[in-house]
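Subject: Structure handover: pockets, cavities and ring contacts

Hello,

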Amino acid sequence: MLLGLSRGFWVMLAVVLVVTAGAIVLPRAYRVALLASGYMAQTLCTGVFVSDRSFDDVMAQDLTGPGFGLAVFFQPSANPKAEAVTVSANGIATQTSLHRDGLGCTLIHDVKPETLRAQSAGLFSAGTSTNSDPDNAALWPEGERVLAWSPPDGVDGEALAAAIEDIFAEPDPAHPRGTRALLVVHEGRIVAERYAPGFDASTPLIGWSMSKAATNALVGMRVMDGAINLNDSALLPEWRAVDDPRRAITLNELMRMTSGLAFQEDYGSDLSDVAQMLFVNGDASGFAASMPLVHAPGTKWSYSSGTTNVIAGVLRETFASERDYLRFPNARLFKPLGMTSAVLAPDAAGTFVGSSFLYASARDWARLGLFFLRDGVWQGNRLLPAGWLAYSLRPTPLSPENEYGAQMWLKLPLSPGLGEPPMPDDGYYMLGYQGQAVAILPSRDLVVVRLGLTPDGGDWDTARNLAPLVYAFPAKDG
């Protein structure tokens, strides 16, 4: 996604910077500048107020480097009292991201800050706005206590140690790897955990498109509630006109990325639909839902973050009140799983950005992976419908090489010419921009979390870098 900021962006930015605030700004250049200021504001707000990092650290580590050379033309400012960050380019293309407990950071666009504050006032009980801590004396995953661990018979300890070192190594400074967190869960317990300087077990980090797996779980819960069905159509008010072809789209087709809606998922273009949806438009679900049909529903697969945000809007339609909807992820998913750090951020329209804006610590991402590994059962309680995991992992035939299920990846792309071993056939994955990954390997009773910031052209390949670690663990008997 940014959006490393393309050369075209800086050309357009130069145009923006030479016009005065009262002049006519070229629409395209202005949209690109809004994208940059929105990305910076959101990154700084979440880094400071969600991840509890310093402003200077976020600027240095997340907004400096290749592609950001002219970021000096933007003036970011943090307001700790208001828990907000504002960014502009010499007073032009101003964007503000506002933090709210339990809801993360939201780009406010044309909404007044006091409106957003009123939306979230009293939403969570006092002292539990970001989830109640479980008893930290309990053993992970119920609590945070981690047992000392030594490799049992069959685990190649030397190979595991070497794989971990390689995951954090930086063999070529010109092509950074950028790993920030690694966590390995074997047989339900943490067996390896490591963090880069400045990050630790309590640091929430963005999942980008790994967020889609949480959206999958939330849909499953509403299906279990009887509030919605996978075969339902006419899902949104704006699609329900008799002559609107989008009324034929089913929830199942949205889940499987076969809706037929137009959407440009291009991370190399600053004006692509995905970039504008996340950082310029204040209504991600509405933006994506407004797209025309370019294929008949169910006839073509096309990966689309917009589709997931449409699903977030469909979920909203199943609740009687906005407040019930905003409480839903915490009450039904994060709190039961003990995901104490997790926040799913809504946009200015009040709809969750289910495609991209879930923030959680490595331990909490591992809890989500373990939840799927356990077939939607947690502490003996079934939280997802029986058969939901099987549905989610059933390949979508229209996807290339059956690589996609329902908001879940079933295969990793292999790096050409490297000859690395393929991952186990039964593996499935949450994957996100800049190398985010949760690998779930049932045949090895294994969940592996890797979080980081790998820039475009960086030296990270999920299959290449995780396969040696995975194969250090033996397959289960039978």
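Is Phe371 buried or exposed? Phe371 is buried, with a relative accessible area of 0%; buried means under 20% relative accessible area, exposed over 50% and partly exposed in between, with a 1.4 Å probe and protein chains only.

The model is predicted, so local features need pLDDT of at least 70 and side-chain atom pairs count only at pLDDT 80 or more, while totals for chains, interfaces and linings use all residues. Residues are numbered from 1 along each chain as its sequence is written, and side-chain values use heavy atoms, leaving out hydrogens and water.

Aromatic contacts

Rings of Phe, Tyr and Trp (the six-membered ring of Trp) pair if their centres lie within 6.5 Å; planes under 30 degrees apart are stacked, over 60 edge-to-face and the rest tilted. The count by this rule is 18 aromatic pairs. One of them joins Trp301 and Trp409 edge-to-face, at 6.2 Å centre to centre and with 75 degrees between the planes. Trp301 lies in the loop between α9 (284–289) and α10 (305–317), and Trp409 in the loop between α13 (388–393) and β12, so the pair ties together parts that are 108 residues apart in sequence. Helices (H or I, at least four residues) and strands (E, at least two) are DSSP runs, numbered from the N terminus. Trp301 and Trp409 are both buried.

Phe371 also has a ring partner: with Trp378 it forms an edge-to-face pair, 6.4 Å centre to centre and 70 degrees between the planes. Trp378 is buried, at a relative accessible area of 3%. Elsewhere, ring pairs link Tyr39, Trp208, Phe279, Phe357, Tyr359 and Tyr433 into a cluster.

Arg222 lies over the face of Phe319, at 4.0 Å from the ring centre, and over the face of Phe328, at 5.8 Å. The rule asks for NZ of Lys or CZ of Arg within 6 Å of the ring centre and within 35 degrees of the ring normal.

Pocket and cavities

The search uses a 1 Å grid over the protein atoms alone: a cavity is a set of points where a 1.4 Å probe fits but cannot get out, a pocket is an open set with protein on both sides within 12 Å along at least five of seven lines, and lining residues have an atom within 4 Å of a point. Grid points are joined across faces, edges and corners, and a volume is the space filled by probe spheres set on the points.

The largest pocket holds about 530 Å³. It has 22 lining residues, and Pro413, Leu431, Gly432, Tyr433 and Gly435 are the closest to its centre. β12 (428–432) and α14 (462–470) each supply at least two residues of this lining.

Over the whole structure there are 6 cavities of 30 Å³ or more. The largest cavity has about 270 Å³ of space. Its lining has 20 residues, with Thr43, Asp62, Arg180, Ile206 and Trp208 closest to the centre. α2 gives the most to this lining, with 5 residues.

The second largest cavity has a volume of about 90 Å³. Among its 15 lining residues, Leu107, Leu278, Asp347, Val353 and Phe357 lie nearest the centre. β4 gives the most here, with 3 residues.

Regards
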